[in-house]
Amino acid sequence: QVIRNKSEVNFPLPFVQKLNTGGYDGKGVQVIRSEKELENLWDSPSVLEALVDIEKELSVIVAKNDKGEIKVFPVTEMVANQRLNLLDFNICPSQISDEIQTQIDEIVKKFIQAMASSGLFAIELFLDKNGKVWVNETAPRLHNSGHLTQEGNSNSQFEQIYRVVKNLPLADTDADKYSGMFNLVGEEGYQGKVYYEGLEEVLKLPKTYVHLYGKTETKPGRKMGHINILADSREELLEKLTAIKSMIRVISKKH
């Protein structure tokens, strides 16, 4: 349901409210699960969507140049930070069946035809517990879920957007190994000059790539960088992600 204000709400619970403007990194999105939570509705133009019983969150990035050439990056599997409502980490390749991949291929095809534009686009997806793929949202730009392509793919999303802008032949998008990315986010309870606790130890690790954004001030939930990791198997990748996430924290600078 599309609403102009909360007085127009006529939608079955539970549902998700998404503001028409100003939303990013989980902001401008909230879940309404009960009659009591209706009190929390934003009184602004919004879209209301039924809450999906999610099995997995997925993402796919597709590029198209002015010549009509299209390249699609492999599907990644995303895990959200439920408290901050933003991407915690993602891994590639995703663990999905051929039937699920076929659904995603069809969504990408319909999307790129409907856009009728060149560009680089991220399509965020939900896989529900019945095996159906839903579109959550799309972004006509470089995307957080594509950061792992910097080291994990033959070419990155950054190389691809350059080629789109220049209308050059699009780059190969194959994934060479198992890759993962997690966001470096400001810890709760810390604000001020940033200090990356444990950074030196992480920098010593093999097949681990730290990308900091140059922000000097941290605050809770602020994205400050990301770390990409390569591995030879899904199991090794998940072990490395878990270990490295526990090694580093984004806090305030020590005095």
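This is a predicted model: local features need pLDDT of at least 70, side-chain atom pairs count only at pLDDT 80 or more; totals for chains, interfaces and linings use all residues.
So, how do the residues of the lining of the largest cavity divide into nonpolar, polar and charged? Hold that thought for a second.

Okay, the cavity. A search of the whole structure turns up one cavity of 30 Å³ or more, and about 50 Å³ of space lies in the largest cavity. Its lining is made by Ser59, Val60, Ile61, Phe73, Pro74, Thr76, Ser145, Gly146 and Thr149. Now the answer: four of those are nonpolar, five are polar and no residue is charged. And which strand gives the largest share of the lining? That's β5, residues 54–64, with three residues.

Next up, His147. You'll find His147 in the loop between β10 (133–139) and α2 (149–152). Is His147 buried or exposed? Its relative accessibility is 12%, and the cut-off for buried is under 20%, so His147 counts as buried. Its side chain makes a polar contact of 3.2 Å with the side chain of Gln157. Leaving out residues up to four places away in sequence, His147 touches Gln157, Phe158, Met181, Tyr213, His226 and Asn228.

As a reminder, most residues other than glycine have a negative phi, and most peptide bonds are trans. So where are the cis ones? The bond from Leu13 to Pro14 is cis, with omega near -10°, and Pro14 is in the loop between β1 (2–3) and β2 (15–19). The bond from Cys92 to Pro93 is cis too, with omega near 0°, and Pro93 is in the loop between β8 (86–92) and α1 (98–115).

And positive phi? Ala116 has a phi of about 50° although it's not a glycine. Ala116 is in the loop between α1 and β9 (119–128), and is exposed at 63% relative accessible area. Lys207 also has a positive phi, near 50°. Lys207 is in the loop between α4 (199–203) and β13 (208–212), and counts as partly exposed at 31% relative accessibility.

That's my tour, thanks!

Methods:
Residues are numbered from 1 along each chain as its sequence is written. Side-chain values use heavy atoms; hydrogens and water are left out. On a 1 Å grid over the protein atoms alone, a cavity is a set of points where a 1.4 Å probe fits but cannot get out, and a pocket is an open set with protein on both sides within 12 Å along at least five of seven lines; lining residues have an atom within 4 Å of a point. Grid points are joined across faces, edges and corners, and a volume is the space filled by probe spheres set on the points. Helices (H or I, at least four residues) and strands (E, at least two) are DSSP runs, numbered from the N terminus. Ala, Val, Leu, Ile, Met, Phe, Trp, Tyr, Cys and Pro count as nonpolar, Asp, Glu, Lys and Arg as charged, and the others, Gly among them, as polar. Buried means under 20% relative accessible area, exposed over 50%, partly exposed in between (1.4 Å probe, protein chains only). A polar contact is a pair of N or O atoms within 3.5 Å; within protein, one must be able to donate a hydrogen and the other to accept it, and residues adjacent in sequence count only if both atoms are side-chain atoms. Contact means heavy atoms within 4.5 Å.
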